[in-house]
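The following note sets out points for a colleague who is examining this model. Please read it alongside the sequence and the coordinates.

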Amino acid sequence: MDERKLIEEAYSAGTLCLLACTSTLAAGVNLPAKRVILRSPYIGNRLLTRSQYKQMVGRAGRAGLDTSGESILVTQAADREKIADIIGGSFENCTSSLLYEDGKGLQAFLLSTIGLKVITLTISAIHASS
């Protein structure tokens, strides 16, 4: 069993009561937590986007598992205005990568699903849909 799975199971079972991780790992963690603490509003030298912030603190107080949750963001005084914008601002635009360059993303997706045998096509099915 891989280390990540072991850690997730130990945390979910209550064997581990605290999980500390880098901002990169925190963005991919899918474990419910009562409290999430971000010690900095930066990933490397880039300020978190609103979407990144919401994704990370969204681990606190998961619907159906908790009645409430807490998030704490530790900041420097110089970052207060930027943080207020992250917390209260609007989300960034979200665009699909499936439609880039006249649908090349969608084409690559379909070919990948066929190549990985996630979906299968037969000649009769292709002719039947024509």
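1. D102 is placed in helix α5, with helices (H or I, at least four residues) and strands (E, at least two) taken as DSSP runs numbered from the N terminus. D102 is not a glycine, yet its phi is positive, at about 55°. Most residues other than glycine have a negative phi. D102 counts as exposed because its relative accessibility is 85%; here exposed means over 50% relative accessible area, buried under 20%, and partly exposed in between (1.4 Å probe, protein chains only).

2. On provenance, this is a predicted model, in which local features need pLDDT of at least 70 and side-chain atom pairs count only at pLDDT 80 or more, while totals for chains, interfaces and linings use all residues. Residues are numbered from 1 along each chain as its sequence is written, and side-chain values use heavy atoms, with hydrogens and water left out.

3. The protein chain contains six helices and four strands, arranged along the sequence as α-α-β-β-β-α-β-α-α-α. Of its 130 residues, 18% are buried. Among contacts (heavy atoms within 4.5 Å) with a separation of 6 or more, 57% join residues 24 or more positions apart.

4. Which residues touch the most other members of the largest nonpolar core? In this core of 13 residues, they are V36, L38, L48, Y53, M56 and I86. Such a core is a set of buried Ala, Val, Leu, Ile, Met, Phe, Trp, Tyr and Cys residues joined through side-chain atoms within 4.5 Å. Two or more residues come from each of β1 (35–38), α3 (50–57) and α4, and α3 gives the largest share, three residues. Leaving out residues up to four places away in sequence, L38 touches L48, Y53, M56, V57, I72, L73 and V74.

5. Helix α3 has R50, Y53, M56 and V57 as its buried residues. Viewed down the helix axis, the buried residues of α3 fall within an arc of 135°, so they line one face of the helix; the arc is that of the directions from the axis to the C-beta atoms. R50 lies in α3 and is buried, with a relative accessible area of 12%. Beyond its neighbours within four places in sequence, R50 contacts I86, I87, G88, G89, S90, F91 and E92.

6. Two loop residues may be set side by side. D79, in the loop between β4 (70–73) and α4, is buried at 7% relative accessible area, and its contacts, apart from neighbours within four places in sequence, are P41 and Y42. R39, in the loop between β1 and β2 (42–43), is exposed at 72%. The C-alpha atoms of R39 and V74 are 4.9 Å apart, although these residues are separated by 35 residues in sequence.

7. L98, L99, L106, F109, L110, I114, L116, V118 and I119 make a nonpolar patch of about 830 Å². Patches are made of residues with over 30% relative accessible area and no salt bridge, with like charges joined within 9 Å and nonpolar side chains (Val, Leu, Ile, Met, Phe, Trp, Tyr) within 5 Å; a salt bridge is a side-chain nitrogen of Lys or Arg within 4 Å of a carboxyl oxygen of Asp or Glu. L99 lies in the loop between α4 (80–88) and α5 (100–115) and is exposed, at 62% relative accessible area.

Note on methods. Accessible areas come from the Shrake-Rupley method with a 1.4 Å probe; for residues, only the protein chains shown count as cover.
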